[in-house]
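Here are my notes on the two-chain model you sent over.

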Amino acid sequence: MTTFERLNEIFREVFDDDTIELKPETTANDVDGWDSLSHVNLILAIETKFAITFSQKELLTFRNVGDLYKSIEKKLESRK
Amino acid sequence: MFFNSIEYFLFLPAIYLIFYFTPDRFRWIVLLSGSIFFYASLMQPYLLLVLFGVMLITYMFGKLIATRSEEKEKKRLFWIGAGINLAILVGMKYLPFITENLDLLLKAIFGKAVIPVSPLIVSIGVSFYVFQAISYLSDVYLEIQEPERHFGYFALYISFFPKILQGPIERANTLLPQLKKPYEFNYDNMRSGLLLFTWGLFKKVVIADRLAVIVNTVYGNVNAFTGLSLIIATYAYAIQIYMDFSGYTDMALGTARLFNINLTDNFNRPYLATSVAEFWRRWHISFSSWLQDYLFKPLQMRMRNWKSWGSVIALLITFFISGLWHGAAWTFAIWGLLHGLYMAVAVLYKPLQKKLYKKLKLNGTKILKLWKIFMTFNLVSFAWIFFRAESLRDSMLILKKLFPLDPGKVDIVNLYELGRFETLILLISLLVFIVCIKSLNKLLKSGTYWRFGIRYSFYLLLLIYILLLGNFGYSDYIYMGF
């Protein structure tokens, strides 16, 4: 499974919705129930599943799924 | 000089004409000097000094942050820049409150006055442009905004006269590019800008200032009124503060539109919100989104390991500060905490609520929606009691008269200080507001919504209505005090 597919899985679990199909340009407006409260759960789930930690600055500058994905990839890359 | 004053009705056409006849590359000078003149008309020379200080410091730190490549250094500079801005705000607004409370405490300990209590100073506008300055520095630090190199445009971004007194609090990436665009006369902007201004004037001088008389009578002498009168006055205040502040915002947006500049709309039918959280997405939007981006989110993310409880604490802190932003008094702090509490309870109660609605098969029903709107409006109105009460003691007295409800009939004679005729005008005007609001929104969007004759008759009638029934003696805006 690619990183992007894994990310999609996490979204489906957190928002309890098997129909979610992420695109890099997906934003909070496109996913039902993605508000500031569920966002925390999402970030926590991503950090746990990928065993990474985001910096405060990164968390405040994600504009869409693409930004989030790039940051995850970068962290996984640097660990290899 | 306020929007509903004769001076402003002279100032606005004058500055527009000068602006119009000036070549594009000098237009910022016209707007900037107009803005400074506008702010100077408050006749508080030290305020100009404060404004200039905020402009210069924020401009310099914005540029400095961008020159550094090391993250740590950027962060340090951001905190110094934001810290100086905060210190200015605290010095202007909170010194009397802090020294007064400290004085009380020290008196209790030592039995005599130890420190001098700072006198109150006028700080109109400061909380608005300081917040805007902090958002600018944050955005530069987060690298979502290039620092502005041109001091003139930057100064105008901070001080643009339609928004300097009461906001909207504008982000750099939405306002700065608009200030630099070449100007071309646009008939539709001119038409909808003037209409929006007039509509805001109607809300302010016809409705809000009449409601103010009822509210001031009751809240000015809480002791003399029974529970029912207090309830009426509180609902009246809920409507008044909306008409006052959204009326001001309409006038600000209308003014800016004459110069082809779109400011952020602060209101989206807030009293139709179905939850307190939604209310805050519809009320004073430029302020609540500021709180969300620069206070709530950073706090929430820092405490993310505590899950829902982290969000709860972040909410309480955010709204406590939001309360104090409105004024240095315990009543505002309680108002803010109440809103924080409402939302914190909602966060914790949400899973249960979901199950409950499912079981009762209420999801998606109209009755549930109406119930939610009703509850939200009442929760918000209840909180307004603390916001409006003149002291902590007054607000406690009101609560005592409301729970349990102090019977006694409505003190009509006292309550309607306004007089029967004026009360009738108020009720008719509220009806006019409700009947016209939909058409007005369509009319603002499209100049051909009604036929020419009807359109111009409407404009004319609205204008005559305001001129005849507007209360131009009043120059108080609620949010001006914040």
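A nonpolar core, as used below, is a set of buried Ala, Val, Leu, Ile, Met, Phe, Trp, Tyr and Cys residues joined through side-chain atoms within 4.5 Å. Keep in mind that this is a predicted model.

1. Start with the main core. By that definition, the largest nonpolar core has 148 residues. Phe161(B), Leu165(B), Phe259(B), Tyr271(B), Trp283(B) and Trp384(B) have the most contacts inside it. As for who supplies it, helix H9 of chain B (residues 187–219) gives the most, with 16 residues. There is also a second, separate core of 22 residues, and its members include Ile10(A), Val31(A), Trp34(A) and Leu42(A).

2. Phe259(B) deserves a look of its own. Not counting residues up to four places away in sequence, Phe259(B) touches Leu12(B), Ile15(B), Tyr16(B), Phe19(B), Leu31(B), Phe161(B) and Tyr183(B). Phe161(B) is also on the list of residues with the most contacts inside the largest core.

3. On to the interface. Chains B and A bury about 1500 Å² between them, with 65% of that on carbon and sulfur atoms. Chain B puts 19 residues into the contact and chain A puts in 15 residues. On the chain B side, Leu142(B), Met301(B) and Arg304(B) lose the most area to chain A, together 43% of what that side buries.

4. The rule finds four salt bridges across the interface of chain B and chain A. For Asp35(A) and Lys350(B), which form a salt bridge, the closest N and O atoms are 3.9 Å apart; the cut-off is 4 Å, if you want to check that pair. Residue pairs in polar contact between the two chains number seven, with both partners at pLDDT 80 or more.

5. Which elements of chain B give two or more residues to the side that touches chain A? They are helices H4 (71–110), H12 (285–302), H13 (307–326) and H14 (330–359). H12(B) has the largest share, seven residues. By type, that side of chain B divides into seven nonpolar, four polar and eight charged residues.

6. Last one: Gln132(B), in helix H5 of chain B (residues 126–141). Why call Gln132(B) buried? Because its relative accessible area is 1%, and buried means under 20%. The side chain of Gln132(B) makes a polar contact with the side chain of Lys163(B) at 3.2 Å. Leaving aside neighbours within four places in sequence, Gln132(B) is in contact with residues including Tyr157(B), Ile158(B), Pro168(B) and Glu170(B).

Technical notes
Residues are numbered from 1 along each chain as its sequence is written. Chains are lettered from A and ligands numbered from 1 in the order in which they are written. This is a predicted model: local features need pLDDT of at least 70, side-chain atom pairs count only at pLDDT 80 or more; totals for chains, interfaces and linings use all residues. Side-chain values use heavy atoms; hydrogens and water are left out. Buried means under 20% relative accessible area, exposed over 50%, partly exposed in between (1.4 Å probe, protein chains only). Helices (H or I, at least four residues) and strands (E, at least two) are DSSP runs, numbered from the N terminus. Contact means heavy atoms within 4.5 Å. Buried area is the accessible area (1.4 Å probe) that two parts lose on being put together, summed over both. A salt bridge is a side-chain nitrogen of Lys or Arg within 4 Å of a carboxyl oxygen of Asp or Glu. A polar contact is a pair of N or O atoms within 3.5 Å; within protein, one must be able to donate a hydrogen and the other to accept it, and residues adjacent in sequence count only if both atoms are side-chain atoms. Ala, Val, Leu, Ile, Met, Phe, Trp, Tyr, Cys and Pro count as nonpolar, Asp, Glu, Lys and Arg as charged, and the others, Gly among them, as polar.
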